[in-house]
Amino acid sequence: MTGGERRILHTDGVSVSFGGVRALVDVDLDVHESQLVGLIGPNGAGKTTFIDAITGFVRCRGHIELDGHDLSSLPPHARAQLGLARTWQSIELFDDLTVRENLAVASHRQSVWAAVRETVSRPLASTTAMDETLALLGLEPLAEVLAIELSQANRKLVGVARALAAGPRLLCLDEPAAGLDSRERAELGRRLRSVVDAGTPTLLVDHDMGLVLSVCDHVVVLDFGKVIAHGPPSAVRRDSKVITAYLGSAAAELTDPSLESADEESRAGASEEP
Amino acid sequence: MKLVLLFALLGLGTGALIAGIALGVVLTYRGSGIINLATGAVAMVAGYAFWSLKTGFFGFQLGTLPALAITLVVATGVGALMEVGAFRPLRTASPLAKLAASLGILLTAQAAMLLGFGTTVKAAPPILPSSAVAVVGLTVPVDRFILAGAVIVIAVGLAALYRWSRFGLATRAASENEVAAMLVGLSPNQLSMVNTLLASLVAGLMGVLAASLVQLNSTTLPLQIVPALAAALFARFTSFGIACAAGLLIGIAQSLMYYASTQSWFPTDQGNPLPGIQQLLVFLIIIIAMFWRGASLPGRGELVERRLPSVPLPERLLRSAVIAGVVCVVALIVFPYDFRQALITSLIGAIIVMSFVVITGYVGQISVVQLALSGVAGFTLSHLVTDAGIGFPLGPIIAVAVTTLLGVLVAVSALRVRGVSLAVVTLAAALAMEQFIFVNSTWGGGSGGSPAPSPHLFGVNLGPTASFRGLDGDQPSAVFGFLVLAVTLALGVYVANLRRTSLGRRMIAVRANERAAAAAGVHVRNVKLIAFGLSSFVAGVAGTLYAYNFGSISATRFSALTALGLIAFAYIGGITMVSGAVLAGLISTEALFPHAFDKWFGISGNWALLVGGLALIITLRVHPEGIAGANYQRKQRRRAAGRGSRLKAWSSRWRAEEPTATSEVKP
Amino acid sequence: MKDILRIDGLTAGYDGAAVVRDLDLTVDAGEVVALLGPNGAGKTTTLRAISGIVRPMGGRLTFDGADLTTVSPSERARRGIAHVPEDRGIFFGLTVAEHFRLCHRGERLDERTAYEYFPLLRELRTRRVGLLSGGEQQMLAVGRALARRPRLLLLDELTLGLAPVIVERLLPVVRRYALDSGCGVLLVEQQIQLALEVVDRGYVLSRGEIVLHRPIEELRADRRLLIASYLGETRTREAEDDAAASG
């Protein structure tokens, strides 16, 4: 669909094994400019492992390229500095810092000399980039609040904002919607869409099929560490392999005729989106 | 060769004590996941209890058996108190908080013994037969074999208990997975209690039995926890057999070291054998144990809920600094000499606690070695003056630089060690540095201390002997006070301001979550190294001031026990804030508060330690942020009203947006 | 039939964030009830709230007529709630036989029942659990739970990561035990097909709320409902159904 645009993330044959267990097998996945790509799959399919692998938190085989840079042998913080930002399933904010400070940690570029000079530097001045990020996610009123005092939904948003604050080339979100109610999810989906539209391609991992299928441009489905399907949401929704993976084989047999109509509806709904 | 064997066998005595304490440490860890630094203190309390019952200290004398029976009841009682007063309320706290609580118990117990029995070493009444047996032509006191036999029997008994009894089974299960144990109806609280009681019983019994060999000493006995921790590390805090064997072997190794030190080839220090070899040995053993058995402790799938104390942003920093400066200047002039001295000591104490604020408060690493680093700075300063003639200001600058470098070196070697393990290894390092370097009369100060003449700048005396001496005209000089004050204020403002800088934020990010910090682009290793360097720099400055403060410098000021006490005071004051460090300085040993209490009410400094230990436990339970943090939060709450209304307005805006949001996403 | 477990308006979660909201649910004696729904819907949290590992933020749990609010997890276990968690809740350092000796004071486990339902366990008695296969571990987990003669059995993802052969054996055993003993069973299961074969009723949880509650016949007859709920469309569908029912 958007294959002609610039390729931001490119992975080639990414594989991860834990002991004898193969958690990921030859995963090829591309994310293009201004794309929101969803990565879904049943429990234990390897979604989080994939994010861990590309961000450098687990050792993997295969080739990982971000905007032309080969990341394969870099440590996590170096990948982060090249523009790969991520959030975590359990939101790992820095609880004792304010929202603005949380963002500032991420937006900082460092050298040894800068670090030494830092020790006597002036207190944090807010930068326009940071303000823009806060505005994009609607967090301005909370800028000076300590992370620990935030509601769950806002913690999720701050997690996304912190990842965004570094001005990343690619944003990886691990289950940003977990623990949110449906209203908050809808709100999150809308915010994510605006993040991508504002120019940050995003890889979204979430359990909530409803969310992923409604906001993503492209969806990749993992099962037992392998890509079993990929394509636009409408196609993935109909894919019998996907339904089998989620519901067991017998379910798939029943689906095709009955779901066809449902799918038409949802595609109609999706096309209304700008 | 025969003598080697003899000394090896003699070492079984200390070895049995170490093994007994190690068994206690393993028991407590398996029962509750706490590394109980106070296990050696329990052995000490039992030793003193038995001594006083046998010698009629309380006005009545008992026979050996009744005295032993009562002593064991006392030891168990101490265990129950620890469990109910400290461990149970902190069940869901972080492992570091639990460790700090056990530190509080250690300090309390030690201060209590000092208050009750004084500092003189007591020869414990013999409880074991004093006869000797012949072993391959050597005459060895039989008590060594009895002691070793006893601890081996206990270890075997405990192993059997854990292997076959319902209770042992339950503890093994709970220590593997606490949540699953609750699901099958086991009560972690009960298991923890029984294990702590057993641990106290074992440590207490070995304390009584071994006390006659090692003498009753309230300074050395609680610190037997350090070799015991080495043994427990070898056992991965799990195996009784390994803990017992490693404990006995460490005792034997120490005894052989002692034998070696009597030989002509052994390196000497001004005619005496090199001191501190045994402590150095234990430190090396701990390093080996960590490399060999891994630096991280076995997890237990427990529920950790409570977070670390918060690190608030400093407010009106310069105003507070100016006010504090003016108050102190006036006080330094007006105060009588003894209070002036106490104030100066308080300020230096505040500086050393600031080094804990950086490393423990901001970065979340408990490093016991900071005070020893101060000592390095102090002794370097002293030796630069006396041996090389390098005085003020070059001397202290070199001393502080050396200390900072050493701190970074320590950090490089300890980078992979974190949390509780770091506390253990730095405690051993502190003890080794105290005994091996500071006590050494060539490198350190020996028994008499090493001189540190007053600093002079352009011929002006800035030291305690300077001519301007405040209103009463006595030493120490107020000029030295001003110098210390200036340094304290500068470092205080610096450390507090650090919290606002990007570096400070990255430190707190590392403390909160190393993984997430790395994902946010923070170079975790560099941040830790810089933090260790800064903390060591601050500690080094404090060390040089200590040296000038008393005109000479000695090992006791930088002892491992003093370091543990300072950490306790730091927690009570508030380990995450500079204002907390100032408070900690004021209540630390020989500082203003204890001095005032001593002077006005005749309450000795040991009471301050006793209260300090208790206050530490209470602080951890009630207010982990310490006094300064509690104060800050009270202010925040008062201010919250205004912000609350603003938040409410904002959330209603969100709600107003809701319908559009829903319609957009839902198909 | 009398309900052994009754949940009214349960809200539960972690760190002050609700994962399950305002949930009502009952389990009767001798009944097997399935708690279905997509990943992250709050099924595990519900089970954890029932056994007490998660402290509910609101709502009321009644077990066998008694309020559970102030009862500790260990005490709940003693009163007859057996929870087999997702990680199986067994201890790798212990042998199989030791698991049957692991009990609180005054309790005797009924080893025989466990061996009766899972004869294989008898042969593995002296084996260390860490050395058992996944299926054997799961049999032990369930067998141990049965040996405690539970009044209520909570099973979380029993079949996760197990070979199909074993999966097909496990759930029918649970069904049989419920019939034999009158124990109520609440099970969370990803393998919906298998679950539908053994349960009496099913709840579908989505995003922390119950979106579907039907007797098994209806669920079997109209799988569209289930599939839709998994793909995140249930809310609208249910709403339509409700509207149709009321109108």
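Analyst: Gly551(B), which comes just after helix H21 of chain B, takes a positive phi of about 75°; helices here are DSSP runs of H or I with at least four residues, strands are runs of E with at least two, and both are numbered from the N terminus. The model is a predicted one, in which local features need pLDDT of at least 70 and side-chain atom pairs count only at pLDDT 80 or more, while totals for chains, interfaces and linings use all residues. Residues are numbered from 1 along each chain as its sequence is written, with chains lettered from A and ligands numbered from 1 in the order in which they are written.

H21(B) itself takes in residues 524-550, and its 27 residues reach 39 Å from the first C-alpha to the last, close to the 39 Å expected at 1.5 Å a residue (the expected span being 1.5 Å times one less than the number of residues). H21(B) is mostly covered, with 22 of its 27 residues buried (buried: 20 or more other C-beta atoms, placed from the backbone, within 10 Å of the residue's own; exposed: 12 or fewer; partly exposed: in between).

The buried residues of H6(B) are Asp143(B), Arg144(B), Leu147(B), Ala148(B), Val151(B), Ile154(B), Ala155(B), Leu158(B) and Tyr162(B). What covers them includes H2, strand S2 (138-141) and helix H9 (188-214) of chain B, where contact asks for C-beta atoms, placed from the backbone, within 7 Å.

H2(B), residues 12-32, has a packing partner in helix H10 (residues 225-234) of chain B, the two axes lying 8 Å apart at an angle of about 65° (axes are lines fitted to C-alpha atoms, for helices over the stretch in contact, and angles run from 0 to 180 degrees between N-to-C directions). On the H2(B) side the contact is made by Ile18(B), Ala19(B), Ile21(B), Ala22(B), Val25(B) and Val26(B), which meet Ile225(B), Pro227(B), Ala228(B), Leu229(B), Ala231(B) and Ala232(B) in H10(B).

In chain C, six strands form an open sheet of mixed pairing in the order S6-S7-S8-S3-S9-S10 (strands pair if DSSP finds at least two bridges between them). Its edge strands, each pairing on one side only, are S6 (81-84) and S10 (209-215) of chain C, and the twist averages 15° from one strand to the next. S7(C), residues 152-156, runs parallel to S8(C), residues 184-188, and five bridges join them; across this pairing Leu152(C) stands opposite Gly184(C), and the bridge partner of Leu153(C) is Val185(C). S6(C) and S7(C) likewise pair in the parallel sense, over four bridges, with Ile81(C) opposite Leu152(C).

S7(C) is mostly covered, five of its five residues being buried. Leu152(C), Leu154(C) and Asp156(C) point one way from the strand, while Leu153(C) and Leu155(C) point the other way. Helix H1 (residues 43-51) of chain C lies across S3, S6, S7, S8 and S9 of chain C and runs at about 150° to S7(C).

Chain A comes to 11 helices and 10 strands, and buried residues make up 52% of its 274 residues. Among contacts in chain A between residues at least 6 apart in sequence, 66% join residues at least 24 apart. Its open sheet has six strands in the order S6-S7-S8-S3-S9-S10, with mixed pairing; S6 (84-86) and S10 (226-231) of chain A are the edge strands, and the twist averages 20° from one strand to the next. S6(A) runs parallel to S7(A), residues 170-174, through three bridges, and Arg86(A) stands opposite Cys172(A) in S7(A).

Leu146(A) counts as buried because 21 other C-beta atoms lie within 10 Å. Leaving aside neighbours within four places in sequence, Leu146(A) is in contact with Asp96(A) and Thr98(A). Thr98(A) and Leu146(A) are 48 residues apart in sequence, yet their C-alpha atoms are 3.9 Å apart in space.

Terms used:
Contact = placed C-beta atoms within 7 Å.
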